[in-house]
Amino acid sequence: MSEVKKHTKLYPLSHSQIPEWYVYQLAPKSPVYNISFNHFFFKDINIDACISAWLTIIDRHDVFRIHFTYRDGKPLQSLLPKLNLTENDILIDRSDVCKESVIAIQAQLAKEYADLPFDLNNGYPFRLKIIKYPENEYQ
């Protein structure tokens, strides 16, 4: 289980979080609660503006910073620190692949990330990736 600093404020789990916590204890490598969303952009995007928008959303909604812990026989939750994202954290550059292989790469990456479990004890409960393809196409 995660080590939470002594000064971190802990909160009980909500009724809807308790089943999620149990499933995570039984199968921490399961992607059962993953919700994958793919969106395609067909021209240049401003990655810095995208990061800024996501950081604003994450800062406003604590659910994006919740993680689980276990203390004194009880499952609890606390908030992870504010996140700092950079282009290096989220950009996957596939602009060098041939145009004919883009669809297969898109499908492979979408499946790979949809099936990747989260570490609800230590990490943030979301992933943000932007994939750059040839001809200024983004996913």
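Biologist: Let's start with Leu55. Which residues does Leu55 touch, not counting residues up to four places away in sequence?
Modeller: Touching here is contact, meaning heavy atoms within 4.5 Å. Setting aside anything up to four places away in sequence, Leu55 touches Leu83 and Leu85.

Biologist: Before we go on, what pLDDT do local features need in this model?
Modeller: Residues are numbered from 1 along each chain as its sequence is written, and side-chain values use heavy atoms, with hydrogens and water left out. It's a predicted model: totals for chains, interfaces and linings use all residues, side-chain atom pairs count only at pLDDT 80 or more, and local features need pLDDT of at least 70.

Biologist: Back to Leu55, then. Does Leu55 count as buried or exposed?
Modeller: Leu55 is found in helix H2. The cut-offs are under 20% relative accessible area for buried and over 50% for exposed, with partly exposed in between (1.4 Å probe, protein chains only). Because its relative accessibility is 16%, Leu55 counts as buried.

Biologist: And how far apart in space are Leu55 and Asp119, C-alpha to C-alpha?
Modeller: In sequence, the two are 64 residues apart. In space, Leu55 and Asp119 come out, C-alpha to C-alpha, at 20 Å.

Biologist: Let's zoom out. What pattern does the protein chain follow along the sequence?
Modeller: Helices (H or I, at least four residues) and strands (E, at least two) are DSSP runs numbered from the N terminus. The chain has 4 helices and 6 strands. Read in order, they give β-α-α-β-β-α-β-α-β-β.

Biologist: What share of the contacts in the protein chain with a separation of 6 or more comes from residues 24 or more positions apart?
Modeller: For scale, the C-alpha atoms fill a box of roughly 55 × 30 × 25 Å along the principal axes. Of the 139 residues, 30% count as buried. As for contacts with a separation of 6 or more, the share from residues 24 or more positions apart is 75%.

Biologist: Now the largest pocket. What is its volume?
Modeller: On a 1 Å grid over the protein atoms alone, a pocket is an open set of points where a 1.4 Å probe fits, with protein on both sides within 12 Å along at least five of seven lines; lining residues have an atom within 4 Å of a point. Points join across faces, edges and corners, and the volume is the space filled by probe spheres set on them. For the largest pocket, that gives about 1,200 Å³.

Biologist: Which residues lining the largest pocket are the closest to its centre?
Modeller: The lining has 40 residues in total. The closest to the centre are Ile35, Ser36, Phe118, Phe126 and Arg127.

Biologist: Which element gives the largest share of the lining of the largest pocket?
Modeller: The elements that give two or more residues are helix H1 (17-26), helix H2 (47-60), strand E2 (66-71), helix H4 (102-114) and strand E5 (130-133). The largest share, 5 residues, comes from H4.

Biologist: Ile35 came up there. Is Ile35 buried or exposed?
Modeller: The place of Ile35 is in the loop between H1 and H2. Its C-alpha is 27 Å from that of Val97, which is 62 residues away in sequence. Because its relative accessible area is 82%, Ile35 is exposed.

Biologist: Pro28 is also in the loop between H1 and H2. Which residues is Pro28 in contact with, leaving aside neighbours within four places in sequence?
Modeller: Pro28 is partly exposed, with a relative accessible area of 37%. Neighbours within four places aside, Pro28 is in contact with Pro117 and Phe118.

Biologist: What is the phi of Asp72?
Modeller: Most residues other than glycine have a negative phi. Asp72 lies in the loop between E2 and strand E3 (74-79), and is exposed at 74% relative accessible area. Although Asp72 is not a glycine, its phi is positive, about 55°.

Biologist: Last one, on the cysteines. How many disulfides does the count come to?
Modeller: Cys50 is partly exposed, at 23% relative accessible area, and Cys98 is partly exposed too, at 43%. A disulfide is a pair of cysteine sulfur atoms within 2.5 Å. By this rule, the count of disulfides is 0.
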